[in-house]
Amino acid sequence: MKKIKAFSVALAVFMTFAITVHFLSIAVLPKQNRDFGYWISYSKDASYEALKRNITPETALYMGSSEFHHGLSHKYNPANLFRGTDLNLMCIGGAFNQSLNHAIAVGALGSELQNKKVALILSPTWFYKNDRQRETKFILRFSEGEYKALMKNRELSEETKAKVKLKVETLLGKDDTATGGIGMSGIDDLLRRERDRNKCATSWLMTKKTAVNDTWNSENIDFQTLKEEAEKECRGKCTNEYNMQDKVFEKNFASKLTDRKNCNSNKSFEGSEEYDDLQLFLDICREQGLEVLLIMQPLNGKWYDYTGLTSEKRHVVYETVGEIAKQKGVEYADLSGEEYTENFFEDAVHPTSKGWVIINEKAYEFFKKHQQ
């Protein structure tokens, strides 16, 4: 009896604490805050409650991966460039985000989107065959709150949900204690959700949420002028033969050149599991009536030539994704023609100011052309 009574008291104390934390976290989270959508944050991306709370009737999704964290100090990053327009974007993505993580996010949020538009920036490196870090990358960006919301989404077919469930269980494993998996008890689930919400709320309060000052406070961005300005900004900063910004090249690549020669010669884009994940992402969008633009980033041609991933091998991913886009009836902006464009790359894959202008122009045209 004493043990039962002690457990009941402990449970009551815990529930009181959890409910208090729940309402406090809701109170400090922003609601329908346009600026929140332009906040680039891993904790934001993991919190379904925070994302849902800040979707407005005008919100569209702009999704990607590590490129969102590059160039945050200049006006060309979408977190800064698009704030001065009439676009209301929810930017979601960071390092290790790939198609399946985004499929789960859009499956959780798609039914909330009255705008019905989603642009996804793809990185060719997602599509390496037999990626040994596939499970680790997925786990790092897995959001249980988004997964549970997807499973409750009535707009999605049971067949699609079953596909997602199988992929998630395969990648996470069924050992919940090891993975923080999907079969948790009600109390543990509540704790996890509150942790994600509180982490997001705390990070939001501590972050400066102001945009980089710029002059593009207009509905219509002059991309030609932006390109010229970005070109001037990049000029003289990329003098090495690998088409990277010099400071990045010297810090991360120069001392390793000998070791990196032909280091990617055995890599392939044939038969990657990522293609199936991308198709699942597109199926989830289709079932919710969402319009999609896929933006394929280029690889740095000069660097990947040196590391042995030839142009012929690289074009497998560009062409395969193009075929998927065609089959699924979605728009596809293939930027592979920029592989050798001077001043496009900060390093082997990430865009400079100039690169961001080219990428964002494709997204801007899509969002504006389909604006209701």
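These legends accompany close-up views of a predicted model. Local features need pLDDT of at least 70 and side-chain atom pairs count only at pLDDT 80 or more, while totals for chains, interfaces and linings use all residues. Residues are numbered from 1 along each chain as its sequence is written, and side-chain values use heavy atoms, with hydrogens and water left out.

**View 1. The protein chain has 18 helices and five strands.** Helices (H or I, at least four residues) and strands (E, at least two) are DSSP runs, numbered from the N terminus. Of the 372 residues, 54% are buried; buried means under 20% relative accessible area, exposed over 50%, and partly exposed in between (1.4 Å probe, protein chains only). Among contacts with a separation of 6 or more, 82% link residues 24 or more positions apart. Contact means heavy atoms within 4.5 Å.

**View 2. Five strands make an open, parallel sheet.** The order is S2-S1-S3-S4-S5. Two strands pair if DSSP finds at least two bridges between them. S2 (89-94) and S5 (331-334) are the edge strands; each has a single partner strand, so one side of each lacks a neighbour in the sheet. From one strand to the next, the twist averages 15°. Axes are lines fitted to C-alpha atoms, for helices over the stretch in contact, and angles run from 0 to 180 degrees between N-to-C directions. Six bridges connect S1 and S2 in the parallel sense. Ala60 faces Leu89 of S2 across this pairing. Helix H15 packs on the sheet and touches S1, S3 and S4. Its direction makes about 155° with that of S4.

**View 3. Strand S3 (residues 117-122) is mostly covered.** Six of its six residues are buried. Lys117, Ala119 and Ile121 point one way; Val118, Leu120 and Leu122 point the other way. S1 (residues 60-65) runs parallel to S3, joined by three bridges. S4 (residues 291-296) also pairs with S3 in the parallel sense, over six bridges. Val118 has Leu61 opposite, and its bridge partner in S4 is Val292.

**View 4. Asp277 lies in helix H15 (residues 274-287).** Asp277 counts as buried because its relative accessibility is 1%. Leaving aside neighbours within four places in sequence, Asp277 contacts Ser99, Leu100, Arg134 and Lys167.

**View 5. Helices H6 (residues 99-109) and H7 (residues 134-141) cross at roughly 30°.** Their axes come within 9 Å. That angle makes H6 roughly parallel to H7. Angles under 35 degrees count as roughly parallel, over 145 as roughly antiparallel, 65 to 115 as roughly perpendicular and the rest as oblique. The crossing is right-handed. A crossing is left-handed if the near helix is turned anticlockwise from the far one by less than a right angle, and right-handed if clockwise. Leu100, Asn101 and Ile104 of H6 meet Lys137, Phe138 and Arg141 of H7. By class, this contact has three nonpolar, one polar and two charged residues. Ala, Val, Leu, Ile, Met, Phe, Trp, Tyr, Cys and Pro count as nonpolar, Asp, Glu, Lys and Arg as charged, and the others, Gly among them, as polar.

**View 6. Helices H12 (residues 223-234) and H18 (residues 353-369) cross at roughly 160°.** Their axes come within 8 Å. H12 and H18 are therefore roughly antiparallel. Their crossing is right-handed. H12 contributes residues including Phe223, Leu226 and Ala230. Among the H18 residues they meet are Val357, Asn360 and Tyr364. The contact has six nonpolar, two polar and five charged residues.
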